[in-house]
Amino acid sequence: MNPSTPSRYTTTAIALHWLLAVALVGSFSVGLYMADLPLSPQRVKLYNWHKWAGITILALSAVRLLWRLSHPPPPLPAPIRSAMPGWQRAAHRGLHGLLYLLFFAVPLLGWAYSSALGVPIVWLGLLPLPDFVPVDKAFADAVLKPLHGLGAFSLAAVAGVHAAAALKHHFIDRDGLLDRMSPFPRRNRFP
Ligand code: HEM
Ligand code: HEM
């Protein structure tokens with residue numbers, strides 16, 4: 001590789017990756033937990049937190065996408081690239097694309113669900129957000145709620161496969177791929 005070619009993601013991309021990974025795992029877990037609670041002040045509080053976190057994730061995902069478009073990721077190092085069969089290289093690209101799609105689809109479906117229920121969102125209790133779907137409770141419950149859940153479970157599944165693949169590169173192949181996204185790279189393997 002040309003010595004001037006960057007081998008790691010930018011610091012901003014790495015910070016956004018880990019911040020959003022934690023936020024997404026947290027929102028998914030809170031979503032699962034709150035939906036089964038009996039009606040109570042705690043349930044209302046968790047619903048609000050879940051919505052605020054989801055809107056924050058949506059905004060950060062927009063920043064992340066813009067950053068990604070203006071700062072293309074470093075090319076895969078030749079030894080890793082040549083060790084990957086064609087289907088793995090396609091899966092590597094495809095899973096990242098699918099994750100980006102779900103980063104927008106899941107919170108937007110949650111927002112649409114809230115709008116259709118007629119429950120406006122006031123982000124962090126400060127900023128009222130517009131409702132972009134007309135109030136229709138039957139449509140909200142029959143279509144938007146299951147779609148938001150399905151989107152969230154698909155995101156969890158794709159992220160799980162992604163994380164497993166990254167850990168396999170790190171612990172089994174030991175090829176240094178994780179160093180590209182690690183805040184604490186073990187060493188600069190691809191200077
Ligand atoms: C990426 C961010 C988000 C993730 C990962 C996520 C995940 C989840 C999950 C896993 C559930 C439980 C679904 C089930 O049990 O079938 C849920 C429920 C819910 N989410 Fe989200 N969500 C996100 C963003 C949002 C946003 C932005 C809103 C609204 C502004 C929202 C509103 C809701 C509501 C109202 C429920 C409860 C549905 C019910 O009563 O069963 N979510 N979410
Ligand atoms: C144990 C957990 C995780 C590990 C070890 C991990 C590791 C990595 C690594 C090494 C890369 C760079 C791959 C390359 O060099 O091309 C990457 C990229 C990425 N990861 Fe993760 N990841 C984890 C969890 C997550 C989670 C939970 C999400 C989101 C739900 C996520 C979303 C992404 C996305 C979207 C990219 C592509 C970044 C881009 O090209 O802009 N990751 N991850």
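A residue counts as buried under 20% relative accessible area, as exposed over 50%, and as partly exposed in between. Keep that in mind while looking through these views of a predicted model.

**View 1. Two histidines hold the iron atom of ligand 2.** Look for His-17 and His-162, the protein donors of this iron atom. His-17 belongs to helix α1 (residues 11-35), while His-162 belongs to helix α5 (residues 137-173). The pair links distant parts of the chain, 145 residues apart.

**View 2. The iron atom of ligand 2 has an octahedral arrangement.** Here you can follow the six donor atoms around the iron. The angles they subtend run from 86 to 179 degrees, which makes the arrangement octahedral.

**View 3. How buried are His-17 and His-162?** His-17 has a relative accessibility of 14%, so this residue counts as buried. His-162 has a relative accessible area of 23%, so this one is partly exposed.

**View 4. The largest nonpolar core has 11 residues.** Among them you will find Leu-20, Leu-24, Ile-57, Phe-103 and Val-106. Helices α1, α4 (86-117) and α5 each give two or more residues to this core. The largest share, five residues, comes from α4.

**View 5. Leu-102 and its contacts.** Zoom in on Leu-102, one of the residues of the largest nonpolar core. Beyond its neighbours within four places in sequence, Leu-102 is in contact with Pro-107, Gly-151, Ser-154, Leu-155 and Val-158.

**View 6. A second, separate core has six residues.**

Terms used
Residues numbered from 1 in each chain as written. Chains lettered and ligands numbered in written order. Predicted model: local features only at pLDDT ≥ 70, side-chain atom pairs only at ≥ 80, totals over all residues. Heavy atoms only, no water. Donors = N, O, S within 2.8 Å, 3.2 Å for Na, K, Ca; no water. Tetrahedral: all angles 85-135°; square planar, octahedral: opposite > 155°, others 65-115°. Helix = DSSP H or I, 4+ residues; strand = E, 2+ residues; numbered from the N terminus. Buried < 20%, exposed > 50% of the residue type's maximum accessible area, 1.4 Å probe, protein only. Core = buried A, V, L, I, M, F, W, Y, C linked by side-chain atoms within 4.5 Å. Contact = heavy atoms within 4.5 Å.
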